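This report is written for a reader new to the structure. Please look over the sequence and the model before reading on.

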Amino acid sequence: MKKIMLLAFWLLSLVALKAQNGNEPMKVTDLLRVRTLGTLSLNKDGSKALFTVLSTEPDGDSKLEFKNNTQIWLANTDGSAEPKQLTGKDNAFQAVFSPDGKQIAFVRAVEGKSQIFLLPLDGGEAIQLTRHKYGAGSPRWSPDGKKILFSASIPFKELLKDTLLNPGKELPGWPMEKPGLDNKQFLKSNNAKADPDGNMEEVRTYLAGNETDRKAKVFTKLNFLDETDVNPDMSFSHFFIQEIKADAKPVPVTKGFYRFNYAEFTPDGNQLILAGDIDSTEHPDRSLEGQIYIVNTDGSRLRKLLGEPGKNYNSPRLSPSGKWLAFQYGNTSFVNVPTLAIMPLSGGTAVDIPFDRSKGNITWSQDDQFIYFSAQSNGGQPLYRASVTTKKVEQLTDFNSGIGGFDVAGNKIAYIQTSINSPFELYAADAMAKQPRKLTQFNTAWIASKKLSMPEKHSFKNEKGMEIEYWVMKPTNYEPGKKYPLLLEIHGGPSAMWGPGESSMWHEYQYFCSKGYGVVYCNPRGSGGYGLDFLRGNINDWGAGPTSDVLTSLDKTIAEGWADTSKLLVTGGSYAGYLVAWIIAHDQRFAAACSQRGVYDLATFFGEGNAWRLVPNYFGGYPWEAATKATIERESPIHYVEKIKTPYIIFHGDNDRRTGFVQSEMLYKSLKALGRPVEYVRHSNATHEITRSGNNRQRIDQMLRTWEFFERWIHPTK
């Protein structure tokens with residue numbers, strides 16, 4: 001019955017979409033019109049919703065440069081009034097209601113550091129609450145509304161000398177890994193003068209000064225790459241509580257050389273539930289475990305609730321009564337699906353709630369009876385709820401949309417949804433997500449004038465018996481009997497998942513369809529959203545297996561009869577940049593290809609990418625180990641570079657440290673030396689997130705440059 005209802009909903013949605021399709025083509029600059037909703041929060045009775053809206057606006061007087069602006073909005077969930085903007089100065093984030101619903105706390109940058117502000121909802125200006133020297137973020141109200149809990153990131157060198165966080169000026173219990181020196185020698189404070197010609201203490205003081213002045217970067221940690229640069233420094237996240245009154249000072253709850261990533265008050269306001277890792281004697285870069293703790297709000301009586309070697313316990317969420325603790329756990333490998341479980345906070349046996357999908361945004365119903373969560377599944381990101389009594393999971397929304405964020409209060413759910421006809425809108429519904437009401441028109445209004453292409457879902461079974469789902473989008477102005485270019489789009493990750501609810505690709509798909517291209521995309525083996533076995537389907541097989549899946553989806557689309565096989569194109573980013581390179585080294589059918597921020601030599605990626613753990617997780621070892629070395633050579637596209645003859649454009653950002661950019665230089669230089677038709681584009685200061693949250697001019701540049709390159713080869717007379 002549920003499948004019939006979902007099918008009926010989908011058919012009705014298609015009818016509605018076709019009815020409201022406009023006539024205007026999607027433009028590349030329409031990227032700037034998409035408004036992104038996020039960080040949703042409901043008040044106690046669910047009558048009002050706080051959310052953020054990210055908009056793009058001109059940056060100064062330039063007609064070419066644009067900046068992102070995020071502000072906080074308020075909506076009545078019954079739709080009785082138009083949503084209203086609450087903030088308008090600078091960017092504002094992470095808004096949450098006070099327990100009585102009369103004011104909100106939110107985060108805004110002040111002199112380069114995030115700080116917490118309070119805003120009364122009955123009128124008045126926002127008041128800055130915190131002036132914390134380390135900044136403040138992720139605010140949470142105490143149950144009585146008299147205090148704010150917040151997090152801050154403390155640099156290691158500051159933590160060493162902070163009299164509140166490290167009153168005894170103690171040293172870490174784990175080794176600093178400075179070769180030839182123990183912790184005391186490495187961190188020894190002295191009053192020696194800096195003298196390059198002096199004794200050892202004076203030389204060390206001189207060298208330390210060079211590090212402070214950034215004349216040298218000295219690395220002793222394993223994870224020395226952040227998203228934008230090489231970074232020798234360490235920092236530790238800690239939690240603080242501050243009373244809501246004038247001149248109040250933040251009081252630290254957590255201390256030490258450990259990282260905490262989550263905290264929430266117990267319902268009585270006397271304790272906190274924490275998530276972090278303080279058990280290990282290993283350097284924090286080496287320890288991948290996670291534990292869950294409970295501690296008094298003054299920081300006393302810290303005790304472990306959950307944790308064991310080789311396991312990561314995370315995402316703790318207390319039920320409203322405080323009786324139950326929900327959490328997730330799994331092994332420390334990246335290629336796994338964590339298990340959702342519950343246990344009595346007072347102690348007892350944990351009970352699993354089986355569901356073979358990766359779950360996010362775990363939220364309790366107010367009566368303690370259900371746990372709500374979203375999970376990527378079968379091309380969508382539906383909302384689910386699990387019964388505490390029966391442990392059964394119900395699907396509340398469909399596979400044809402994506403739930404980007406939600407909250408539950410009273411008997412209401414509010415959620416941010418991406419659908420085919422609009423990438424972000426706010427909805428409210430009852431506790432079963434029935435009778436949804438659209439509360440916003442941020443994107444729907446301008447998209448109504450656009451002519452859209454509707455994805456058609458298909459599937460097939462690959463040689464391993466896995467069900468592979470794929471979607472086909474015809475050109476916007478498709479006419480039966482005509483032939484059109486066909487673009488194969490591939491997702492990254494490799495554990496990402498695409499479908500009609502994927503907001504990050506919404507505009508790109510529609511743009512290429514408006515340019516007269518058909519688009520096909522699929523979720524090959526190794527994608528998320530199809531369970532653990534499917535997720536692990538590309539272990540030791542990043543190339544040939546996934547290639548077979550994506551090319552089969554292409555072949556089946558071609559078999560429909562409308563694609564021009566002389567004008568086949570392929571593009572993808574990150575892992576998909578890798579797969580594009582692999583494909584064109586093994587298949588010569590494409591007129592042109594595009595790789596963005598890809599991985600091309602797995603041994604080099606191990607050294608230059610901050611996502612280097614993908615190598616041991618997927619290939620079982622390290623590049624110097626004989627068996628692993630043979631595997632990653634076999635799986636690296638650079639080893640097949642002589643076979644690449646397809647016209648090829650390669651993109652990378654100057655500051656992309658997630659995959660590293662040296663490999664793209666290697667691939668380009670190799671192809672250039674071979675005399676192949678290749679073009680290489682580097683975007684200044686761009687990170688791995690260029691196409692999602694990067695400079696808007698560069699986002700447009702990359703999409704336009706890809707289209708222009710494709711046009712050279714499929715329409716050479718233009």
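The sections below cover the basis of the model, a helix, the nonpolar cores and a glutamate.

## Basis

This is a predicted model, in which local features need pLDDT of at least 70 and side-chain atom pairs count only at pLDDT 80 or more, while totals for chains, interfaces and linings use all residues. Residues are numbered from 1 along each chain as its sequence is written, and side-chain values use heavy atoms, without hydrogens and water.

## Helix H4

Helices here are DSSP runs (H or I, at least four residues), numbered from the N terminus. H4 covers residues 200-212, 13 residues in total. From first C-alpha to last it reaches 18 Å, close to the 18 Å expected at 1.5 Å a residue; the expected span is 1.5 Å times one less than the number of residues.

The N-terminal end of H4 is capped by Asn199, with a side-chain oxygen 3.2 Å from the backbone nitrogen of Glu201. Just after H4, Arg214 has a positive phi of about 60°.

## Nonpolar cores

A nonpolar core is a set of buried (under 20% relative accessible area, 1.4 Å probe, protein chains only) Ala, Val, Leu, Ile, Met, Phe, Trp, Tyr and Cys residues joined through side-chain atoms within 4.5 Å. The largest has 87 residues, and Phe710 and Leu488 are among those with the most contacts inside it. Helix H9 (residues 575-586) gives the largest share of this core, 10 residues. Apart from it lies another core of 24 residues, including Trp73 and Trp506.

## Glu635

Glu635 lies in helix H12 (residues 626-635) and is buried, with a relative accessible area of 3%. A polar atom of the Glu635 side chain lies 3.0 Å from the backbone nitrogen of Gly543.

Conventions
Helices (H or I, at least four residues) and strands (E, at least two) are DSSP runs, numbered from the N terminus. Buried means under 20% relative accessible area, exposed over 50%, partly exposed in between (1.4 Å probe, protein chains only). A polar contact is a pair of N or O atoms within 3.5 Å; within protein, one must be able to donate a hydrogen and the other to accept it, and residues adjacent in sequence count only if both atoms are side-chain atoms.
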